[in-house]
Amino acid sequence: MTMLRGAAAAVARRCGLGAGSGGGKVAARRCCSAARRREWVPPVGRDSGIMAYNSRSRTKEPLVLAKDRVATWYSCGPTVYDHAHLGHACSYVRFDIIRRIMTKFFGIEVIMVMGITDIDDKIIKRANEMNMSPVALARIYEEDFKQDMAALKVLPPTAYMRVTENIPQIISFIETVIANGQAYATSQGNVYFDVKSWGKRYGVLTTISPDTPDEAVNTDKRYGKDFALWKAAKPQELSWTSPWGKGRPGWHIECSTISSAVFGKQLDIHTGGIDLAFPHHENEIAQCEVYHQCEQWGNYFLHSGHLHVKGSQEKMSKSLKNYVTVKDFLKKFSSDQFRMYCLRSRYSSAVEFSDESMDDAKNLLQAISSFIKDANAYIKGQLICDPVREDILWERLASTKVTVKASFADDFDTSRAVAAIMDLIHHGNRQLKAVTKDTGSPRSSVVYGSIISYIEGFFNALGMSFEERQVAVKGDSSAVLSNVIDELVQFRTKVRHYALALPEAAETVLVEGDAGAKGSKREENEKRQQLMGERRPLLEACDSLRENLAAFGIHIKKLCCGGCPDLAFANPRSPAN
């Protein structure tokens with residue numbers, strides 16, 4: 001890997017913004033901030049082998065990670081006041097696909113934190129309408145959101161972080177921004193970020209400039225573009241005590257504080273829908289660069305495109321009342337069908353949702369399933385065909401693997417990767433033409449087995465499955481599901497025990513002159529190494545099963561005694577869903 005050098009430290013020194021800069025240099029910092037431009041600085045670190053479109057630089061850049069093969073990732077989470085809809089789901093599924101690509105195809109460990117906004121104007125309004133506390137309402141819809149994500153096979157983040165559990169940290173964050181000269185408190189108990197004082201450093205993700213004319217100001221803030229860090233409490237409203245009086249956090253400060261609390265001033269990737277680029281992400285950047293006194297916070301910003309309803313240029317939105325909830329959608333379509341729908345376009349592009357577009361996704365899945373079924377029948381001798389040109393298929397398989405990896409390395413281009421898979425299936429199908437008479441020629445089982453293995457591995461890695469057998473239960477489904485899971489976990493445990501049951505390594509201390517024994521023990525060690533290599537795919541399959549079950553809220557934990565694992569259920573999805 002190539003070490004890349006950034007210019008952040010040099011720029012910071014020129015502007016007097018080193019880590020040791022004191023709070024007494026506010027005026028100098030303001031002058032320096034206003035003079036600087038908005039250039040993106042390539043970070044120092046290790047090249048991941050991926051080119052990603054970065055909203056900060058407005059172009060594709062090499063994805064450079066601060067730590068080799070480890071990505072720190074902050075994801076804006078939901079404001080939990082209602083059911084999640086398909087517009088939300090599209091963004092989360094797309095980024096889940098990217099996360100899986102980074103993990104499965106590039107060997108990158110992703111450390112992801114998602115913020116949960118559990119106090120907000122909408123939450124308070126909805127709670128009042130339902131005559132319940134905002135906290136209780138938020139907990140209900142937070143759990144509802146997590147169930148929807150599990151139903152869509154979206155992997156949970158490394159950690160969920162609630163705003164209400166980070167109030168002291170938010171207050172401390174705001175105090176530092178004030179001390180650094182970029183925020184002010186008002187007599188009414190509000191605190192605002194002073195956008196004008198941040199100068200040309202504001203406008204990283206957009207063309208917005210602090211110098212453009214202000215809109216009319218009917219509040220206690222100085223300028224129209226200033227935004228709230230702390231909101232003074234209204235009567236009968238949930239609030240917390242702060243140096244500025246009772247109140248609650250502004251929206252943008254929540255994500256800045258949570259991400260900083262976990263990752264500090266070094267963050268590799270920040271994601272969200274394109275509608276969050278401004279003002280939310282723009283304001284996050286400003287707040288964090290003031291707080292950390294750093295030249296660049298958040299090296300890569302990735303934004304997903306909107307999901308539009310067919311025939312409309314408007315995004316799917318609760319405010320527009322043109323949405324379909326995740327739960328209603330899953331009554332008609334499957335999670336795999338929606339994931340295929342998402343795979344067929346670039347994550348950053350806007351997509352149109354309709355029954356026709358979902359039918360296209362269903363047809364693709366059916367074509368893949370049909371090929372796998374026919375290829376399996378051929379391998380078993382149930383489908384008789386003319387002799388197969390194996391050389392062509394081996395060449396196509398190798399070419400497909402190269403194309404898929406190159407597509408994923410090019411800004412996670414899933415549409416191109418899926419097209420390559422479908423082209424491989426096309427060439428595989430061309431040689432699976434049934435004949436009435438068996439000529440007795442040998443079957444080319446190995447090449448078709450390799451193609452099936454690669455295709456299933458491709459989609460499994462992206463959170464999909466093409467298993468023919470599916471469990472359908474009625475009546476007391478939860479009890480049956482529990483038994484099915486127990487059997488599955490016990491089977492996984494037996495497979496792991498078998499894979500790990502290797503002979504002990506031979507002792508290396510030998511009696512002098514015992515050459516025969518030495519050779520025998522060397523052979524035993526070589527055999528042990530061979531067995532480890534042969535059984536590694538079994539352990540990897542067990543790990544993949546554990547990860548997939550976790551997406552459904554079912555977590556496998558090992559017992560110290562080495563017995564069958566315990567299961568911790570976190571709202572596993574009913575088969576009826």
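Y74 stands opposite H270 in β11. The strands concerned are β4 (residues 70-79) and β11 (residues 269-273), which pair in the parallel sense over 3 bridges; two strands pair if DSSP finds at least two bridges between them. Helices (H or I, at least four residues) and strands (E, at least two) are DSSP runs, numbered from the N terminus. The model is a predicted one, in which local features need pLDDT of at least 70 and side-chain atom pairs count only at pLDDT 80 or more, while totals for chains, interfaces and linings use all residues. Residues are numbered from 1 along each chain as its sequence is written, and side-chain values use heavy atoms, with hydrogens and water left out.

β4 also pairs with β5 in the parallel sense, over 8 bridges. W73 has M112 in β5 as its bridge partner. Of the 9 residues of β5, 7 are buried, so β5 is largely enclosed by the rest of the structure. Buried means under 20% relative accessible area, exposed over 50%, and partly exposed in between (1.4 Å probe, protein chains only).

Axes are lines fitted to C-alpha atoms, for helices over the stretch in contact, and angles run from 0 to 180 degrees between N-to-C directions. Contact means heavy atoms within 4.5 Å.

## Helices α6 and α9

Helix α6 (residues 167-179) packs against helix α9 (residues 277-292) at an angle of about 75°, with their axes 9 Å apart. That makes α6 roughly perpendicular to α9, a class that covers 65 to 115 degrees; angles under 35 count as roughly parallel, over 145 as roughly antiparallel and the rest as oblique. On the α6 side, F173, T176 and V177 meet Q287, C288, V290 and Y291 in α9.

E284 lies in helix α9 and counts as buried, at 0% relative accessibility. Leaving aside residues up to four places away in sequence, E284 touches Y74, C76, H252, C255, S256, H270 and W297. E284 and G298 are 14 residues apart in sequence and 9.4 Å apart in space, C-alpha to C-alpha.

## Aromatic pairs

The structure holds 21 aromatic pairs. Rings of Phe, Tyr and Trp (its six-membered ring) pair if their centres lie within 6.5 Å; planes under 30 degrees apart count as stacked, over 60 as edge-to-face and the rest as tilted. The ring centres of F408 and F458 are 5.9 Å apart and the planes stand at 10°, so this pair is stacked. F408 lies in helix α13 (residues 390-409) and F458 in helix α15 (residues 445-461), so the pair ties together parts that are 50 residues apart in sequence. F408 is buried, with a relative accessible area of 0%, and F458 counts as buried at 2%. Elsewhere, ring pairs link F329, F333, F338, Y341 and F353 into a cluster.

## Charges over rings

R222 lies over the face of Y184, 3.9 Å from the ring centre. K405 lies over the face of F106, at 4.9 Å from the ring centre. A charge sits over a ring if NZ of Lys or CZ of Arg is within 6 Å of the ring centre and within 35 degrees of the ring normal.
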